[in-house]
Amino acid sequence: MPDIACVNGRFGPLADAVVSAEDRGFQFGDGVYEVIRTYHGQPFAIEAHLQRLERSAQALRLSTGHAPAQWISLIHEGLRLSQYPDTKIYLQVTRGQAPRDHPFPHDLAPTTVLTFRELRPFEASTRQVGVNAITVDDIRWGRCDIKSVNLLANVLARQRAKEAGAFEAILVREDLVTEGSVSNVAVVRNGGIQTAPEGNRILSGVTRAIVLEMARKEGLPVSEDFVSRADLFDASEVFLTGTTVEILSVVRVDGRMIGDGRPGAVSRLLSARWNTSVG
Ligand code: PMP
């Protein structure tokens, strides 16, 4: 089967999937999404993702269109049809289709879309060597905790990273590191992990929560306090967390070497624990 999509409950090839030009997701970015991956064919942390979808939707006074059990059965049906060794599952809910007008009608049926695409694992060599990042001003709105499809600031930041030959854009607001354009950011300082606190400045990453829990179990001090720009450059390690990046070491930021320029001991330990837990 090719890549699969499910639009409002109907499955078909992704290439044939369409929504209306009057969909509010298209007109206003009026919608929310999730990205879930599988390990060995099984969706990972599905409950946490569906809870975040619900939280994001509620914050926008949006209905998710399906109850969690329905989402789960649609996900399993898509995985059955697509048959990839590992799959990147994308879920999107928009407020639905209506003549273009900023206020929304209350009786709209949401548009729900799922897509199922092959997830190719990261090159092992990229993980061994680590990646480069640049810093970019965080110009996003005041509710970064909502996983909304309004991603323009993230798009522009990641594009700048790409054009600079870097993997990720680390977003900085008022001299404080918030997160990456597609990931959460953590640093290692004095042997402990420090990362921005949950709240409206960051997306509360599913991977972030699991990694912090893992670190605490390893006896590593964890502090959920904003990291300053200066402390980012001074850190002994910087790493990203996210559904697709998992745990990924950053070895250079704005061309400046982090630590000794190689993935550090803490991120290597956490990566090893991660691999064991999903392996
Ligand atoms: N922050 C942003 C801005 C993201 O886009 C992502 C990826 N969804 C994350 C953090 C990491 O979240 P998660 O671990 O849930 O994939």
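Ala45 sits in the loop that links β4 (42–43) to α2 (46–59), where helices (H or I, at least four residues) and strands (E, at least two) are DSSP runs, numbered from the N terminus. Its phi angle is near 55 degrees, a positive value in a residue other than glycine. This is a predicted model, with pLDDT of at least 70 needed for local features and 80 or more for side-chain atom pairs, while totals for chains, interfaces and linings use all residues. Residues are numbered from 1 along each chain as its sequence is written, and side-chain values use heavy atoms, with hydrogens and water left out.

Asn8 also has a positive phi, near 50 degrees, and is not a glycine either. Asn8 belongs to the loop between β1 (4–7) and β2 (10–13). With a relative accessible area of 45%, Asn8 is partly exposed; buried means under 20% relative accessible area, exposed over 50%, and partly exposed in between (1.4 Å probe, protein chains only). Ser125, in helix α4 (residues 124–129), is partly exposed as well, at 40%.

Next comes helix α8. Buried in α8 are Val266, Ser267, Leu270, Ser271, Trp274 and Val278. They lie on the same side of α8, because they cover an arc of only 130 degrees around the axis, the arc being that of the directions from the helix axis to the C-beta atoms. Over on the other side, Ala265, Arg268 and Thr276 are exposed. So what do the buried residues of α8 pack against? Their partners are β3 (31–39), β10 (184–189), β11 (192–195), α6 (206–217), β14 (237–242) and β15 (246–253), with contact meaning heavy atoms within 4.5 Å.

Then there is the ligand. It has 16 residues around it, and the closest are Arg52, Lys147, Glu179, Thr207 and Thr243; a residue is near a molecule or strand if one of its heavy atoms lies within 4 Å of it. At least two residues of this shell come from each of β9 (176–180), α6 and β14. A polar side-chain atom of Arg52 is 2.8 Å from a ligand oxygen, and one of Glu179 is 2.7 Å from a ligand nitrogen. In the side chain of Thr243, an N or O atom lies 2.5 Å from an oxygen of the ligand. The protein covers 93% of the 390 Å² of accessible area that the ligand has on its own (Shrake-Rupley method, 1.4 Å probe; for residues, only the protein chains shown count as cover).

Glu179 turns up again beside Arg140, as a polar contact of 2.7 Å joins their side chains. A polar contact is a pair of N or O atoms within 3.5 Å; within protein, one must be able to donate a hydrogen and the other to accept it, and residues adjacent in sequence count only if both atoms are side-chain atoms. Arg140 makes another such contact, side chain to side chain, with Asp138 at 2.9 Å. Arg140 is in the loop between β7 (131–137) and α5 (152–163) and is buried, at 12% relative accessible area.

Ser148 lies in the loop between β7 and α5 and counts as buried at 7% relative accessibility. Its side chain reaches the backbone nitrogen of Asn150 at 2.9 Å. Leaving out residues up to four places away in sequence, Ser148 touches Gly31, Val32, Tyr33 and Leu60.
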